[in-house]
Amino acid sequence: MPEPKRHRLSRRTSKILLGTGAVVVLAAANAPAVYDFASTQYHAYEIDKAEYKAERGQWSLVDVPEEYRINTIHAALLHTGKVLLVAGSGNDAKQFDAKTFRTVLWDPKENTFENIPTPADLFCAGHTQLPDGRLLVAGGTQRYETLEGDVEKAGGLMIVYNENPDEPKTLPKGTRFTGRENGRTFESHASVIVPRAKKKTDPQTGKAEVTASSARVYVEALEKGPRHQTGTQDQYRVSGLEGDEKQNIYGIAQKLSFDKKDFQGIKDTFEFDPVAERYVQVDPMHEARWYPTLTTLEDGKVLSVSGLDDIGQVVPGKNEIYDPRTRKWEFLPKARFFPTYPALFLASDGRIFYTGSNAGYGPDDQGREPGIWDLDSNKFTKVPGISDPDILETSMSVLLPPAQEQRYMVLGGGGVGESPKSTDRTRLVDLREDEPRFRDGPRLYDKARYPSSVILPDDTVLTTNGSGDYRGKSDSNVLKAAIYDPETDKFTAAADPLVGRNYHSGGLLLPDGRVMTFGSDSLFSDKANSKKAKFDQTLEIYTPPYLHQGGARPVLRDPEGGRRTVKLGSTVSYDSDDPKAISKVRLIRPGSFTHVTNVEQRSIALDFDRTEKGVEVTLPQNPALVPPGWYMLSAVDDRGVPSEAVWVHVPVAADAPTQETTDEDPEPALK
């Protein structure tokens, strides 16, 4: 039987089949990459659909020119509508050594930027809104941390004494101290004012008794090497003194060694003027502070709490009040200790509510329990029931809208220090209850340290980002977001952010109803923790679902054509295109965010009446509910869509209670 005839393939057909085979082989080999690419393309297509954006919102990146990119660590919305972005040295020791301190002013409406001269290292300062719209910025960095083993010069605490009852003594930075016994010389890293000694005369005998005053300053050896350290207490002569001052003024130090040196704070205080767009220096605080919290009170004064001092120790409860009228600081009469960056909110009864949230430094067994603090009596009433109390550090706290209901939420958090612990718990408390107690709320989208929460005009709260481990270690950034509705006590998934953000990140509500997020300071850029990460200098905008509903937004117009000053309890009118559609009006305080801390933001429900031309709104009378300052006023329609905000100035109430202060240094609450 003859063999069947074999057909030969043409050269062209062979090439086609060979090519097809190669494609099949390549596709098989690269199937995961092809799948990922296709999935990415499909995801981009899905999230750009109108119905998706109407349900979950949309994220976009801001185009920031190279010359304005900074390590944004602090951000505050100003009443001009611009956002102050502050880096200082930006957690970069090289920038600190070079005295390169950065601030950028961003106009989100025009997307324009301006570099602002920055007079000191405001990295890790505290900030809050003042009644006239200026931003108070207090504290910052005097010295960067140096780990044990990396310390090159012996140093430590020098206590300087003054036995002269007639006048104080100022010793400038660089003053030298030489040991009477050890003969070693050390130099101060900051100026120090030593008060005059206290003099008390016995009325019976007429004899005067003088008690030396003291002040502290950090000193360091002039040269490197272990031979310059000391091991025992010694008295030190102060260079540059003449006459009796040589005897009256001296230093005493214990061991001056190569132990780990913590970050150290500064006393410097500035007001940022949003109109002149510059920093104005005012009187310094009594205590140096790094990681402090500033909280505006009902009389417009500002409470400054905690922080690392000028020798790197947590300020032992010596808290201060700033008076914007005199631009001076005075102590509260009695001390109260808190860890650094405590979440301290002005409650509607004028007391201070501490949620337990904090960031960074302080013993793990002191000052961490939530409670209500009466500044007048210094009484602290504990609020029990909070879950996972040992992992409240790096948690976010927010006064839920509307503020009249005095409900607070604590979200996520982690263990003290560099602990890898984190939680997805949320905790809720209502301060209107006779005996307030925390209860667990719905779970967050993931376990997260450093989540950022921002109040929205429709009475919901956007929470976004965070990381599962300390500073995003092991590639643990959480690329998720959710919107919490206090009325239903539920989270709804929002669109996923484009950028992972952890330590040194935050977010702010903008006047047009969008949200901006900033920052992120990961330690490593890979899962193996082998590659050092770079600070994320991007800005991101979230456009919430309410801005994707279609149709016209509600409108508020000031018939007088300008910005209003409205006293508490007063009524004011605004024009609107469709008054019948307005369902609520909210007064929202602009945020000031850093280190998981934004105690400024609050949304107050306003009583209102519809008129033929618009609405008449009435402000509450309580200055503790509405502390003085500038606010965004938004009308929300029956679909939950807010208007663009108009700005309202609330002046200091004539009858606002004031806090008792003193120029006397209180006894420490923690020694």
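In strand β4, the bridge partner of Leu84 is Leu105. This pair belongs to the antiparallel pairing of strand β3 (residues 83-88) with strand β4 (residues 102-107), which extends over five bridges. The model is predicted: local features need pLDDT of at least 70, side-chain atom pairs count only at pLDDT 80 or more, and totals for chains, interfaces and linings use all residues. Residues are numbered from 1 along each chain as its sequence is written, and side-chain values use heavy atoms, with hydrogens and water left out.

**Whole chain**

- The chain has five helices and 48 strands; helices (H or I, at least four residues) and strands (E, at least two) are DSSP runs numbered from the N terminus.
- Along its principal axes, the C-alpha trace spans about 135 × 80 × 45 Å.
- Of the 671 residues in the chain, 55% are buried (buried means under 20% relative accessible area, exposed over 50%, partly exposed in between, with a 1.4 Å probe and protein chains only).
- Among the contacts in the chain with a separation of 6 or more, 63% come from residues 24 or more positions apart; a contact means heavy atoms within 4.5 Å.
- The mean positions of the 84 positive and 98 negative charges are 5 Å apart. Lys and Arg count as positive and Asp and Glu as negative, while His and the chain ends are not counted; the place of a charge is NZ of Lys, CZ of Arg, CG of Asp or CD of Glu.

**Confidence**

- The pLDDT (the predictor's confidence in each residue, from 0 to 100) averages 92 over the chain, and 94% of the residues score at least 70.
- Over residues 1-27 the pLDDT is below 50, and this stretch has two contacts in the model beyond near neighbours in sequence.
- Where pLDDT is low, the predicted coordinates should not be read in detail.

**An open sheet**

- Strands β3 and β4 lie in an open sheet of five strands with antiparallel pairing, in the order β5-β4-β3-β2-β44; two strands pair if DSSP finds at least two bridges between them.
- The edge strands, β5 (112-117) and β44 (592-593), each pair on one side only.

**Hairpins and a covered strand**

- Strand β20 (residues 269-273) runs antiparallel to strand β21 (residues 278-282), and five bridges join them; Phe270 stands opposite Gln281 in β21.
- The hairpin of β20 and β21 has four residues between its strands, and Glu277 in the turn has a positive phi of about 55°.
- Strand β22 (residues 293-296) is joined to β23 by four bridges in an antiparallel run, with Leu294 facing Ser304 of β23 as its bridge partner.
- Five residues separate β22 and β23 in their hairpin, where Gly300 in the turn has a positive phi of about 90°.
- β23 also runs antiparallel to strand β24 (residues 320-323), joined by three bridges, and Val302 stands opposite Tyr322 in β24.
- Strand β23 (residues 302-305) is covered on both faces: Val302 and Ser304 on one side and Leu303 and Val305 on the other are all buried.

**Backbone exceptions**

- Most residues other than glycine have a negative phi, and most peptide bonds are trans.
- The peptide bond from Pro401 to Pro402 is cis, with omega near -10°; Pro402 is in the loop between β30 (396-399) and β31 (407-411).
- Asn378, in the loop between β28 (371-373) and β29 (380-382), has a positive phi near 65°. Asn378 counts as buried because its relative accessibility is 13%.
- Asp489 has a positive phi near 60° and is found in the loop between β36 (481-485) and β37 (490-493). Asp489 is partly exposed because its relative accessible area is 23%.
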